[in-house]
Amino acid sequence: MSLEVNGTLFPQEPRAGQCLRTFLRELGHFGVKKGCDAGDCGACTVLLDGEPVHSCLIPAFRAGGRAVTTIEGLGGDHGAHPMQQAFLDAQGFQCGFCTAGMILTCASLNQAQRTDLGTALKGNICRCTGYRAIEDAILGKTNVEERVEPGAAFGRSLPAPAGPEIVRGQARYTFDTQVDGLLHVKLLRSPHAHARIVAIDTSEALGVAGVHAVLTHEDAPSVLISTARHEKDWMDPEDTRILDDVVRFVGQKVAAVVAESEAAAEEACRRLKVDYEILPALIDPEQAMAPGAPVIHPDRTAANRVADARRNLVAETHGEYGDVAAALATSAVTYEATFHSHRVQHAALETHGGLAWLDDDGVLNVRTSTQVPFLTRRALSDIFELPMDKVRVFCERVGGGFGGKQEMFVEDILALAALKTGRPVKLELTREEQFIATSTRHPMRVHIKAGADADGKLTALQLDVLSNTGAYGNHAGPVMFHALSESIAVYNCPNKRVDGFAVYTNTVPSGAFRGYGLPQTLIAVEAAIDELARQLGISPYDMRRRNIVKPGDAMLSPPPSEFHDVLYGSYGLDRCLDLVERAMQADGPQPDLSPEWLIGDGVALTMIDTVPPAGHIADATIALNNDGGFDLTVGTAEFGNGTSTVHRQIAATTLATTVDRIRLRQSDTAHGGHDTGAYGSAGTFVAGKATHEAAMRLATELKAAAAGAWLCDTASCLLDDEAVVSGVRRMSFAELAKLAREHGQPFAAHGNSGGTPRSVGFNVQGFRVAVNKGTGELRILRSVQAADAGIVANPMQCRGQVEGGVAQALGAALYEEMVIDADGRVTNPKFRDYHLPSFADVPRTEVFFAETSDTIGPLGAKSMSESPYNPVAAALGNAIADATGIRFTAPPFKPDRLFPALYEKFRR
Ligand code: FES
Ligand code: FES
């Protein structure tokens, strides 16, 4: 067979059963991505004789004699195809992992299809954008600003530097490289929720042709670890191993096979014989805390940072200010209810995975899809007792993270395989593995009690939280503490009490996920505020205005924090409330709905500390190039959060140049100083501050050098239009670079940020919904979010972060749900059964910014990537309650969940 790809004939024959996706990638067309390998996401879309198809579903041989077009060939001889240019103009992407497939589908649409984009794009999922920017691209809108003068980049809607590569399919993600002599790793996973491994017979597996090694717990270091990565190791318990001799959830790694091909590794996995001693399993978190319950981690103690292993408690917290019980007894109105949040997944389109190899200097290299390369290097160095300079961890572009890649799920087993075999190795998780064996949001039971006086002033707030951390305690404590802090610290109230328990169960581990616990508790807190307001006849907006903290108020949540570095760097919560209320009251399209539809409004707010506590470190270095441009090196990773754009804007503004003169190198432990990682929205607030400091120091150096040459006072010098100027004198950066060469002393500067003090950011979300009382169907008629991000570094990108956060949260609030059966098995580990929001599912959100200037953040900016998610489910729950008069306490708010109560209330 011969295959024509982008006009070139390839004579290669596909292997028996090989799909077109893998065949095209083996031919070097890396723009063809894998998101699911099941026809559900569209990341693998190519054109077959001009028609978009999911190449993962097409046997490669069926493409014989037909014309295949991948993103690399879409523009033909004319450079960029108009749709590629349209995606650049509109910046219709964030991480960019879906973009190649999305562009190919969009490029093939006819006029009729363009009038029904919901249907036309149902085969292409984007997890990042919320689809508005994609729609803009199709409609030909331009969202980027045209030329921006030197020194004026900050606060402007500048495009992502990687955009041209992304739209052409040339951006390189983790697996977009050919490696000679590569071996493949496949994992055997536990079929049991709880079992001891008695023996593993590897003989048959080792007999499979092409198998190089089978790794079991006997090969793994005995050191206890957490998969969670934090700057401070004490935040997480040591409760697992790379390969353990006890498995505690269905899907846990049992053994790894390293082989010449994926097929050989899979076959060897099937031939492993494991003798398990089945242990009693706990699926329900309530039962996990019951007296006499089986113990999941009997050998762990406080020394392992496990609070009380005998009670399956990995972490707990208790505290009270004032006297909540007494206050409730005398309150004019009270509210009490129990809410249940469910298990949802990040569903980043690029699954976890990486490559590892030993280089000629004996350095262990790991190229991986991570948000935390430096913390992963430190962990690998510790586990394998290697000097830090003998381990390098880096990432290319990352295809989405959302907190799920603040973990070490694959790098440890990759390192073990590379060290054992001495060969380069690759492990790429499947979509099913992603669901059953990585991490999820912590499901929580939240019991709330709240009271207020007759004037609507809160008198009491009490939260009792049970958090299900699953089989391991990665992020268990920090997520629970976070859930119990800003959620109530944003309200003034003299009496507050919290009790929090994070328990082990024999289910897939929970972990870090955008919002980090706040979305779960906000559903309860924001419902309570509304219910108290309703009893008092006060509007939900006014009730909040009467109680929110204002600058000068202590932001309190018990027990007292040991960290006292959270300040009001700027404050825009009141303006966010005003903006949303005004927008919700403004005229809009009137829905044409029958009387069966009940209409209601809801609002919810959130506050978030702009940096995780206990230190978050970032280093940056910047150096002047020979051509008068600059090399900027930072450790933070880019996974669609836009920080690579913002860092260049900060540096260009500080150095009076343009962003195209800033060459950025990032997320590589071999270059630059330490960076805690791209989580907690720290990419702008912390790492951006390090960049700002480095750029300011370099600016001072440049001024001093020019002043030295002119024999004038440095104070008379300033930077302007890519030069140092003093009066009528002007020395360009290129001339300064020449001066540096002559003196043999290059201009370079370093900046650092320790992530303290911290500031607070705010978001307010409003919804108008219609609920069909006969069917439970829910429609979103209006979605508005206002955000206080300080001075907005890049309005276009920040709007995208808000829209993407709302879309992701709406997916969780409306349909997404991981279902776990009584045996602890995830029963829907596929996109099609899990239901990610597609183009047609996501309403457009009106986004507003409250203008503040933060005194702590770089150039007045604050973080804004995880917090837009936080108030969404809470506001939706409030809107549904307003429409129906029924308080639903357990998302997702699917029709079948809403219908029984609606039927009960409204049946005739
Ligand atoms: S990878 Fe083919 S549709 Fe998802
Ligand atoms: S930009 Fe679409 S999945 Fe990330």
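This is a short tour of a predicted model, stop by stop. Residues are numbered from 1 along each chain as its sequence is written, and chains are lettered from A and ligands numbered from 1 in the order in which they are written. Local features need pLDDT of at least 70, side-chain atom pairs count only at pLDDT 80 or more, and totals for chains, interfaces and linings use all residues, while side-chain values use heavy atoms, with hydrogens and water left out.

**Stop 1**

Select Thr22, His184, Glu262, Lys426 and Glu428. Of the 35 residues lining the second largest pocket, these are the closest to its centre. The pocket has a volume of about 1,200 Å³. A pocket is an open set of points on a 1 Å grid over the protein atoms alone, with protein on both sides within 12 Å along at least five of seven lines; lining residues have an atom within 4 Å of a point. Points are joined across faces, edges and corners, and the volume is the space filled by probe spheres set on them.

Now colour by secondary structure. Helices (H or I, at least four residues) and strands (E, at least two) are DSSP runs, numbered from the N terminus. Helices H1 (20-26), H9 (262-271) and H14 (431-437) each supply at least two lining residues, and so do strands S6 (183-189) and S17 (425-428).

Which classes line this pocket? The lining has 16 charged, 11 nonpolar and eight polar residues. Here Ala, Val, Leu, Ile, Met, Phe, Trp, Tyr, Cys and Pro count as nonpolar, Asp, Glu, Lys and Arg as charged, and the others, Gly among them, as polar.

**Stop 2**

Rolling a probe the size of a water molecule over the atoms shows where empty space is left. In a cavity, a 1.4 Å probe fits but cannot get out. The model has 12 cavities of 30 Å³ or more.

Select Thr227, Phe249, Lys253, Phe409 and Ala437. They lie nearest the centre of the largest cavity, which is lined by 22 residues. The largest cavity holds about 260 Å³ of space.

Next, pick Gln91, Phe93, Gln94, Met796 and Gln797, which lie nearest the centre of the second largest cavity. That cavity holds about 210 Å³. Which helix gives the most to its lining? H24 does, with five residues. By class, this lining has 12 polar, five nonpolar and four charged residues.

**Stop 3: the core**

Select Phe87, Met102, Tyr491, Phe767, Val769 and Leu876. They have the most contacts inside the largest nonpolar core, which has 167 residues. Such a core is a set of buried Ala, Val, Leu, Ile, Met, Phe, Trp, Tyr and Cys residues joined through side-chain atoms within 4.5 Å. Buried means under 20% relative accessible area, exposed over 50%, and partly exposed in between (1.4 Å probe, protein chains only). Helix H17 (residues 518-536) gives this core its largest share, 10 residues. Apart from it lies another core of 45 residues, including Phe630 and Cys717.

**Stop 4: arginine 127**

Go to the loop between helix H5 (117-120) and H6, where arginine 127 is found. Is arginine 127 buried or exposed? It counts as buried because its relative accessibility is 6%. Now show its polar contacts (pairs of N or O atoms within 3.5 Å; within protein, one must be able to donate a hydrogen and the other to accept it, and residues adjacent in sequence count only if both atoms are side-chain atoms). One, of 2.8 Å, joins the side chains of arginine 127 and glutamate 816. A polar atom of the arginine 127 side chain also lies 2.8 Å from the backbone oxygen of histidine 346.
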